[in-house]
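Colleague: I have not looked at this model before. Please take my questions one at a time.

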Amino acid sequence: MWKLCRRRSREAESFKEQGNAYYAKKDYNEAYNYYTKAIDMCPNNASYYGNRAATLMMLGRFREALGDAQQSVRLDDSFVRGHLREGKCHLSLGNAMAACRSFQRALELDHKNAQAQQEFKNANAVMEYEKIAEVDFEKRDFRKVVFCMDRALEFAPACHRFKILKAECLAMLGRYPEAQFVASDILRMDSTNADALYVRGLCLYYEDCIEKAVQFFVQALRMAPDHEKACVACRNAKALKAKKEDGNKAFKEGNYKLAYELYTEALGIDPNNIKTNAKLYCNRGTVNSKLRQLEDAIEDCTNAVKLDDTYIKAYLRRAQCYMDTEQFEEAVRDYEKVYQTEKTKEHKQLLKNAQLELKKSKRKDYYKILGVDKNASEDEIKKAYRKRALMHHPDRHSGASAEVQKEEEKKFKEVGEAFTILSDPKKKTRYDSGQDLDEEGMNMGDFDANNIFKAFFGGPGGFSFEASGPGNFYFQFG
């Protein structure tokens, strides 16, 4: 019996030595196999478990390594490296408090141990990062939380809890690809991880892929029925999808007031869903434009682009509302943004149209001077001129102050100028198309308002206004 034990002990030592050789060559899988053989031959040797724990740590299998490290110190509580490895596994898995206890025990056995001293500091640093992250998450300072988790993960690379918190905050910051990568990495190792499933769903939800998001939330709830965040997110996603679809239906049916109410209700469901809310604001802006509430439509589209500054549809909708309200500079700015992003023929034409209207808006508005619509007929233009010319004729204001006379003379000249342009089909066409009227001999300084007046009303010479009663005048030619 004694000889058998000696033989098994020698074989175990041989396996350990071979394991050490493979470990030195960084062939950790083979090292693991030989340490396992050593343990099988001699299951009560603490160093064998310690060596296999070290190998598993190098393979990133920290949970298995923790079991071996704990077994090593159970067999030999004075095994300093066993306590160090147990602490290192706890720390790598994110249990900093348990790690501190292990490192403290190692220091009790060897108070000068430099590795134990440093690892104890690292564990305390991780606990501090956890505390800061918890406070900052409540403050919704997600960037700070990501920073803290990145620092903590330097010491706890296998901690799923830290990774999930980081991924959730990345999703809240709109950094969806990064968040998806972290969550997917966890799911590759553990496909039933409810937290990772929740984060995957959260990213899809915030990217306005609501149906797919619901599938992940439901899957997370199957794994963990009490997962509060997944439950809330699933409920919000379903409510948001239903309200948005109801609003779209009401809009298509021409029930704009109902559509407005439904989009407004949808906007109140989840203020964190930036992408979906941007679309809801744009949709409500479209409703407001249909209701001719153009300033409200502009405000809604502005809210949409504040949430998503790449949202072309919102810029186009707002630009059209600016055009409709004759805010041409703003319209040009929006169309320029759109054309810089998507250089299509349609967007180029919209920009050119806005630039033309802006150019036209900086000239005298002859339609406004005569008080007629841009689609006024020839007769309407003549009637308007008759009324305005008589209203502003200098003779009518001969008894007024010098300042009033000067202002009325200016208006009289503008009325004559406007009539000259709008009563001539060729000039009117050039004016309406935004072309310069000073070209082809149409010098605007050459107009004589008195001659235009005489030509319109007839008569050989001068004329004068005489009172025919309080507030009434008639004119006669001399």
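**Contacts, helices and domains**

Colleague: Leaving aside its neighbours within four places in sequence, which residues is glutamate 357 in contact with?

Modeller: Contact means heavy atoms within 4.5 Å. With the neighbours within four places in sequence set aside, glutamate 357 is in contact with Met323 and Phe328.

Colleague: What kind of model is this?

Modeller: Residues are numbered from 1 along each chain as its sequence is written, and side-chain values use heavy atoms, with hydrogens and water left out. Local features need pLDDT of at least 70, side-chain atom pairs count only at pLDDT 80 or more, and totals for chains, interfaces and linings use all residues; this model is predicted.

Colleague: Which helix holds glutamate 357?

Modeller: Helices (H or I, at least four residues) and strands (E, at least two) are DSSP runs, numbered from the N terminus. Glutamate 357 and glutamate 329 are 28 residues apart in sequence, and their C-alpha atoms are 9.2 Å apart in space. The helix with glutamate 357, residues 345–361, is H19.

Colleague: Are H6 and H7 roughly parallel or roughly antiparallel to each other?

Modeller: Axes are lines fitted to C-alpha atoms, for helices over the stretch in contact, and angles run from 0 to 180 degrees between N-to-C directions. Angles under 35 degrees count as roughly parallel, over 145 as roughly antiparallel, 65 to 115 as roughly perpendicular and the rest as oblique. H6 (residues 96–109) packs on H7 (residues 114–138) at about 160 degrees, with the axes 9 Å apart. The two helices are therefore roughly antiparallel.

Colleague: By class, how many residues does the contact of H6 with H7 have?

Modeller: The H6 side includes Phe103 and Leu107, and the H7 side includes Phe120 and Met127. Ala, Val, Leu, Ile, Met, Phe, Trp, Tyr, Cys and Pro count as nonpolar, Asp, Glu, Lys and Arg as charged, and the others, Gly among them, as polar. By class, the contact of H6 with H7 has 12 nonpolar, 3 polar and 2 charged residues.

Colleague: Does H5 pass H7 in a left-handed or a right-handed crossing?

Modeller: The axes of H5 (residues 80–92) and H7 come within 11 Å and cross at roughly 20 degrees, so the pair is roughly parallel. Leu84, Lys88 and Leu91 of H5 meet H7 residues including Ala123 and Val126. A crossing is left-handed if the near helix is turned anticlockwise from the far one by less than a right angle, and right-handed if clockwise. The crossing of H5 and H7 is left-handed.

Colleague: Which residues make the contact of H22 with H23?

Modeller: The axes of H22 (residues 402–422) and H23 (residues 425–432) come within 6 Å and cross at roughly 100 degrees. That makes H22 roughly perpendicular to H23. The contact is made by Thr420, Ile421 and Leu422 of H22 and, from H23, Lys427, Lys428 and Tyr431.

Colleague: How far apart are the C-alpha centres of domain 2 and domain 3?

Modeller: Domain bounds come from an automatic or database domain assignment. The assignment gives domain 1 (44–129), domain 2 (267–362) and domain 3 (366–434). The C-alpha centres of domain 2 and domain 3 are apart by 35 Å.

Colleague: Which residues does the UniProt annotation "domain: J" cover?

Modeller: UniProt positions are given in the numbering used here, feature names are shortened, and annotations may be inferred rather than shown by experiment. In the unreviewed entry, "domain: J" covers residues 365–435.
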